[in-house]
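User: I have a chain open here and would like to go through it piece by piece. Can you help me read it?

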Amino acid sequence: MESAFERVLDKQVRVHGAGRTDAGVHALAQCAHIDLPNDRLSAARWTEALNALLPPTIRVLRCQYVSNDFHARLSAKGKIYRYRIWLAPVLPPFEYRRAWQIVRPLNLKVLKRAAKHFVGTHDFAGFAANRGKPEKSTTRTIYSVRVRQKGPCLTIEFDGDGFLYKMVRLIVGSLVNCALGKMRIEDVTARLGSGQLGPARLPHPLKDYF
């Protein structure tokens with residue numbers, strides 16, 4: 001994005017994103033802002049110019065001018081993290097690296113019951129991996145956790161004010177372990193507020209869930 005802006009402006013600028021994603025995570029409708037040296041192009045022209053310079057895996061959906069006090073990250077009201085699990089023996093090619101395939105049957109009632117415990121304000125240190133530097137705070141608020149299934153696709157959606165490093169992956173791994181009978185819900189919820197960082201390694205889907 002910054003390279004594309006530089007080619008248009010002939011000047012380096014900083015792109016401020018609303019947030020970052022873990023490796024392998026796809027962002028939909030990510031918001032970002034830059035401070036332009038001038039407004040010589042219309043918002044529609046910026047959309048065209050940037051998409052002409054960006055790789056096909058990145059698209060600008062819409063541009064608009066905003067007030068000077070807007071900040072893509074600091075003005076964000078919340079974030080949604082959607083985790084997809086494919087419950088079938090065959091993973092379609094278009095779902096490769098976009099869904100976690102689990103062949104063994106899950107107890108969805110247990111999974112939903114365990115998911116309810118994560119709603120609210122908690123210390124999520126037990127569900128965060130260590131990325132080499134301490135977090136200012138490991139307390140986050142989860143407004144809702146929605147579990148939905150359509151055909152073989154199970155979606156677990158977290159709506160919150162922010163997420164720690166690998167937090168959702170570790171929560172989903174724990175929920176799946178409960179649904180498979182590998183963990184008790186009490187063992188999972190005991191990690192909430194423990195203050196201890198969780199493991200960096202997640203269960204290997206091919207080794208642990210077939």
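User: Look at contacts between residues at least 6 apart in sequence. What share of them join residues at least 24 apart?
Analyst: In this predicted model, 62% of those contacts in the protein chain join residues at least 24 apart.

User: And how many helices and strands are there?
Analyst: The protein chain has six helices and seven strands. Reading from the N terminus, the order is α-β-β-α-β-β-α-β-β-β-α-α-α.

User: How much of the chain counts as buried?
Analyst: Of its 210 residues, 38% do. The cut-off for buried is under 20% relative accessible area.

User: Let's take a helix. How long is α4?
Analyst: Helix α4 covers residues 167-179, which is 13 residues. From first C-alpha to last, α4 reaches 18 Å, close to the 18 Å expected at 1.5 Å a residue.

User: Is α4 enclosed or out in the open?
Analyst: Largely enclosed by the rest of the structure, because 13 of its 13 residues are buried.

User: What comes at either end of α4?
Analyst: K166 lies in the loop between β7 and α4. Phi of K166 is near 60 degrees, a positive value in a residue other than glycine. Following α4 is G181, also with a positive phi, near 80 degrees.

User: Pick L175. What is L175 in contact with?
Analyst: Setting aside neighbours within four places in sequence, L175 contacts L111, A114, A115, F118, I156 and F158.

User: Change of topic. Where is R97, and is R97 buried or exposed?
Analyst: R97 sits in the loop between β3 and β4 (100-101). R97 is exposed, with a relative accessible area of 64%. Its phi is near 65 degrees, another positive value in a residue other than glycine.

User: And R98, where is that and how accessible?
Analyst: R98 is in the loop between β3 and β4 as well.

User: Which residues does R98 touch?
Analyst: H26 and R84, not counting residues up to four places away in sequence. R98 and H26 are 72 residues apart in sequence, but their C-alpha atoms are 8.0 Å apart in space.

User: What about E95, buried or exposed?
Analyst: E95 counts as buried, at 14% relative accessibility. Its place is the loop between β3 and β4. Beyond neighbours within four places in sequence, E95 is in contact with R84 and W86.

User: Which strand holds W100?
Analyst: W100 belongs to strand β4. W100 is buried, with a relative accessible area of 10%. Between the C-alpha atoms of W100 and W86 there are 5.8 Å, and along the chain the two are 14 residues apart.

User: Last topic, the second largest pocket. How much space lies in there?
Analyst: About 1,500 Å³.

User: Which residues lie nearest its centre?
Analyst: M1, Q30, C31, A32 and R62, out of 38 residues that line the second largest pocket. The elements giving two or more residues to that lining are β2 (32-33) and α2 (43-53). The most comes from α2, with three residues.

User: How many nonpolar, polar and charged residues are in that lining?
Analyst: By class, the lining has 21 nonpolar, eleven polar and six charged residues.

How values were computed:
Residues are numbered from 1 along each chain as its sequence is written. This is a predicted model: local features need pLDDT of at least 70, side-chain atom pairs count only at pLDDT 80 or more; totals for chains, interfaces and linings use all residues. Side-chain values use heavy atoms; hydrogens and water are left out. On a 1 Å grid over the protein atoms alone, a cavity is a set of points where a 1.4 Å probe fits but cannot get out, and a pocket is an open set with protein on both sides within 12 Å along at least five of seven lines; lining residues have an atom within 4 Å of a point. Grid points are joined across faces, edges and corners, and a volume is the space filled by probe spheres set on the points. Helices (H or I, at least four residues) and strands (E, at least two) are DSSP runs, numbered from the N terminus. Ala, Val, Leu, Ile, Met, Phe, Trp, Tyr, Cys and Pro count as nonpolar, Asp, Glu, Lys and Arg as charged, and the others, Gly among them, as polar. The expected span of a helix is 1.5 Å times one less than its number of residues. Buried means under 20% relative accessible area, exposed over 50%, partly exposed in between (1.4 Å probe, protein chains only). Contact means heavy atoms within 4.5 Å.
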